[in-house]
Amino acid sequence: MRLRDKHGRFITDLRVSITDRCNYKCVYCRTGNEGALYADLPFADYLRLVKIFVQLGIEKVRLTGGEPLLRNGLVNFVSELARLRTADGAQLDLAVTTNGHLLADLAAPLKAAGLRRVTVSMDAVEPVRFARITRVANGFENVLAGVRASRRAGLEPVKVNCVLLRGFNEDQIVEFARFSREEGVVVRFIEFMPLEEDRVWSPEVVVTMDEILQALNTFRPLRELPNGLSETARRYTFDDGIGEIGIIAPVSHPFCGHCSRIRLTSDGKIRTCLFSLFDHDLATRMYSGATDDEMAAYIHSVVNVKEARHHIGEPGFVKPSRSMVHIGG
Ligand code: SAM
């Protein structure tokens, strides 16, 4: 039976974190002092768990972290996942989210292994600013090479995700519009959420969708593109049809009512929402000898209690029990 929560939402999209280690220390994500906090599982164990999820109706699998490209054996793991078929017999929509630092050499092997798409995180298109945000020197050149290698390998459309922070990089909005048009990538702006290790978030720091649209329209008039109901991004192109911009606005325009996502952390815990206050321990069940049927029944029971929505910005909002880098974005 397919996964469906008590609010009637079908769950078709699984994010799997394969490590919470990261080689970047983005100022809005990490303190810069913490390393990995949680264990990684062997790939064979993730594979067993993903197979169970896929039998329950998962159609999209996105590998993330931490930084997923840090895991040795990733290409082989992708080739194992690419062999799985959905409940309807189709291929999985298989994607990776990465900071792109190691992507230039891995894009072609990942594509050959069966990866469909890649999303690269970039918060500036200018090397000095990029280094200030990531706290890594010379990252920009590597990431740009990774984006270009992904396009050459056919991992298209290449999506570039940018988190905007007021006072830090909101002047990059128009530069990113140019980047989308020149590099042939989809640029997606994501509103900053209270999911950082440190205490950086406040409503004032969030650059909202309305502001982003305003800035883009001063560059060139935007035209809205159609999107699917469960798609998180509002999509736009410019008046001449060149370039594509997405805006993901979980803070100012929440889309929880259409959420189809569930997450598996690197240590094998299920999270039903980025803002969940607790995890559901699937790995311990597996290591205690649970059968696939028992784990499937457990997954159903967990999905059933998925939160209706997040409460960002509301009085009494409680920060989730893990930050983004330790959940898997
Ligand atoms: N290391 C990979 C990467 O950089 O894409 C995957 C993990 S990273 C946590 C996934 C995404 O989450 C990145 O695009 C990052 O910018 C985004 N992110 C991290 N903290 C965030 C926050 N507080 N609000 C919104 N997005 C955030």
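Let's start with the hairpin: strand 8 and strand 9 form one, with 5 residues between them. Gly241, in the turn, has a positive phi of about 75 degrees. Strands here are DSSP runs of E, at least two residues, and helices are runs of H or I, at least four residues, both numbered from the N terminus. Two strands pair if DSSP finds at least two bridges between them.

Before going on: this is a predicted model, where local features need pLDDT of at least 70, side-chain atom pairs count only at pLDDT 80 or more, and totals for chains, interfaces and linings use all residues. Residues are numbered from 1 along each chain as its sequence is written, and side-chain values use heavy atoms, with hydrogens and water left out.

Back to the strands. Strand 8, residues 233-238, and strand 9, residues 244-248, run antiparallel and are joined by 4 bridges. Ala233 has Ile248 in strand 9 as its bridge partner. Strand 8 also runs antiparallel to strand 7, residues 222-225, again with 4 bridges. There, Glu224 stands opposite Tyr236 of strand 8.

Now the ligand. How many residues surround the ligand? The count is 17, and Tyr28, Gly66, Glu67, Ser121 and Met193 are the closest; a residue is near if one of its heavy atoms lies within 4 Å. By class, that shell has 7 nonpolar, 8 polar and 2 charged residues. In this scheme Ala, Val, Leu, Ile, Met, Phe, Trp, Tyr, Cys and Pro are nonpolar, Asp, Glu, Lys and Arg are charged, and the others, Gly among them, are polar.

Polar contacts next, meaning pairs of N or O atoms within 3.5 Å. An N or O atom in the side chain of Ser121 is 2.5 Å from an oxygen atom of the ligand. For a polar side-chain atom of Tyr28, the distance to a ligand oxygen is 2.6 Å. Asn99 uses a backbone N or O atom, 3.5 Å from an oxygen atom of the ligand. On its own the ligand has 540 Å² of accessible area, and the protein covers 94% of that, by the Shrake-Rupley method with a 1.4 Å probe.

Last, two backbone points. Most residues other than glycine have a negative phi, and most peptide bonds are trans. Arg135, in the loop between helix 4 (127-134) and helix 5, has a positive phi near 60 degrees. The peptide bond from Glu156 to Pro157 is cis, with omega near 0 degrees. Pro157 sits in the loop between helix 5 (139-153) and strand 5 (159-164).

Key
Polar contact = N/O pair within 3.5 Å; in protein donor to acceptor, adjacent residues only side chain to side chain.
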